[in-house]
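Hello,

Here is the structure I promised to pass on to you. Have a look at it first, and then read on for what turned up in it.

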Amino acid sequence: MPPTPPRSSAASRPPRRPPLRPPVRRRRPRWAMRATMTLSVVIMASAGIGHSVVSSLDSNIARVDAFKDMKNRPRAGHGMNVLLVGTDGRERITPEERRRYRLGGAPCHCTDTLMIVHISEDRERASVVSLPRDSYAQTPPHTDGTTGETHAGHPIKINAAYAEGGPQLTVRTVEHMTHVKIDHYLEVDFTSFMKTVDVLGGVKVCTAEPLKDTYTGLDLPPGTHTLKGGAALQYVRSRHADASSDLGRMKRQQRFMAALIDRATSSGILLNPLRFRDVTRAVLGSVRADRGFGTDELLDLGRAMRTFSPSSSEFTTVPIMRMEYAVKGIGSTVKWDPVKSERLFKSLREDKPLAVERSRVRDVTPRVEVEPRRIRVHVENGTRTPGLAKRMDAALAAVGFSTTGRPSTAADRTARRTVISYDPRWDRSAKSLAAALPGSELRPVKSLGPTLKVTVGTASSPVRKVKPHNPVLEAQGVVRGDEVGCR
């Protein structure tokens, strides 16, 4: 065996290496700790809000038994259907506010707005269907809850059902007309509407055309506006701001609801339990709801709203077959299209989107107030280029204008810009024609008469197709919330 080497003396030992220290854990920045703690608090508050804070909101809601003793109701579908009713109640509005916003005297105790709001079963989509207030309806047989008197079904304007039988007859009439089972009833009056908008800090709307209504006092120039309670009420109530009357008003109501959803979902209100509580408390303090609309429903609606956006919401109006449908003893009503409306309400019952995914390419065809076939046009050549007026006459006729078919030559043949001469009494026709002739000049000529004159210049642009503005058809189209809001 080899000899064992001698042990080294302490002096000859190599220096000891210092012991390895455990790895130093980097301290998390204090701001990160605060953020984590804050998030935890929010999550805890969000979890606890369902049984502590929100449950206290029930006492703030005025209750109405909207479904008392109802029988033979439609079969329940998928998702949740809420009948949103806007009444003309104004008892809690001050006299000064009544004067400022032109709310008139005594209310008619009828529904100013009727909407079916469908929340999909997966809580990721909202579909809103507006029912015109003058819709021709048939009430089902019913018993007066106060007098006990029995009434047979009879014709009525749908907004008058509330005055005759309150929320119960309103719900029953809507179900009778649509075959959609209403799960919950929410009633909002002028006061609660104004309060909702004010609590949210106002809602932004935009308009390409000036909106002026002497009945409500609405006066908005083109552009974007943030409307507070009273001004917002004028916006959604106006029926005389344009030629589309009640259909135009419903379209503005849909625009406003889309903007309201955008405001609520983009401002962090729905992600902050305490803020959500404060807003909800202020809003629910002035609405009426059915007895079944309580804590669980509030939480379901709140959770659903957190995933909503204008693009996940869709708006439409019940399809209309006839606008001026006269009914003896009732007057002029709005008649629904039975086939198309049944198709629409079937989509609600089956929890399907109201419209299939559409192309992203938008129709940029200009909309005009007067349809081309109603505009009489005479074309003359203002240049020395032969045949120019004839080609212009044919091009205008091809897109629908009623041309004379007999083009002529102007006295002055040095025109560079195309000119549209028109009698001021036919200014709407002139604007519609100008939309088809980009770059043309409008020139009023008194006593010219109903026939418009087009003097073609050397710099004339090609004729483009235009479409008449049809408020009935446009109001009935299904649009997403991001298509009716401001852009």
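Which residues of the largest nonpolar core touch the most other members? Before the answer, a word on how to read everything below. This is a predicted model, in which local features need pLDDT of at least 70 and side-chain atom pairs count only at pLDDT 80 or more, while totals for chains, interfaces and linings use all residues. Residues are numbered from 1 along each chain as its sequence is written, and side-chain values use heavy atoms, with hydrogens and water left out.

**The cores**

A nonpolar core is a set of buried Ala, Val, Leu, Ile, Met, Phe, Trp, Tyr and Cys residues joined through side-chain atoms within 4.5 Å. Buried means under 20% relative accessible area, exposed means over 50%, and partly exposed is in between (1.4 Å probe, protein chains only). The largest core has 25 residues, and Leu83, Leu131, Val171, Tyr185 and Phe345 touch the most other members. At least two residues of this core come from each of β2 (80–87), β3 (111–119), α3 (161–178) and α9 (338–349). These names stand for DSSP runs, numbered from the N terminus: helices are H or I with at least four residues, and strands are E with at least two.

Apart from its neighbours within four places in sequence, leucine 83 is in contact with residues including Leu114, Ile116, Val171, Val174 and Tyr185, where contact means heavy atoms within 4.5 Å. There is also a second, separate core of 22 residues, with Ala389, Met392, Leu396 and Tyr422 among them. As background, nonpolar side chains tend to be buried together in soluble globular proteins.

**Helix α10**

In helix α10 (residues 388–398), the buried residues are Leu388, Ala389, Met392, Asp393 and Leu396. Seen down the axis of α10, they fall within an arc of 135 degrees, so they line one face of the helix. The arc is that of the directions from the helix axis to the C-beta atoms. An α-helix has 3.6 residues a turn, so residues three or four places apart point the same way. What do the buried residues of α10 pack against? Their partners are β19 (376–381), β20 (402–403), β21 (408–409), α11 (427–436) and β24 (452–456). On the face turned away from the buried side you will find the exposed residues Lys390 and Ala398. After α10 comes glycine 400, with a positive phi near 110 degrees.

**Positive phi in loops**

Asparagine 72 is not a glycine, yet its phi is positive, about 55 degrees. Asparagine 72 sits in the loop between β1 (62–64) and β2, and counts as exposed at 82% relative accessibility. Serine 447, another residue other than glycine, has a positive phi near 65 degrees. Its place is the loop between β23 (441–444) and β24, and serine 447 is exposed, with a relative accessible area of 71%.

**Aromatic pairs**

How many aromatic pairs does the structure hold? There are three. Rings of Phe, Tyr and Trp (its six-membered ring) pair if their centres lie within 6.5 Å; planes under 30 degrees apart count as stacked, over 60 as edge-to-face and the rest as tilted.

Tyrosine 136 and tyrosine 325 make an edge-to-face pair, 5.6 Å centre to centre with 75 degrees between the planes. This pair links distant parts of the chain, with tyrosine 136 in strand β5 (residues 136–138) and tyrosine 325 in strand β16 (residues 320–327), 189 residues apart. Tyrosine 136 is buried, with a relative accessible area of 16%, whereas tyrosine 325 is partly exposed at 24%.

Tyrosine 235 and phenylalanine 256 have ring centres 6.2 Å apart and planes at 45 degrees, so this pair is tilted. Tyrosine 235 belongs to helix α5 (residues 229–237) and phenylalanine 256 to helix α6 (residues 245–266). Both of these residues are buried. Helix α5 is mostly covered, with eight of its nine residues buried.

**The whole chain**

To step back, the protein chain has 13 helices and 26 strands. Of its 487 residues, 44% are buried. Among contacts between residues at least 6 apart in sequence, 72% join residues at least 24 apart.

Enjoy exploring!
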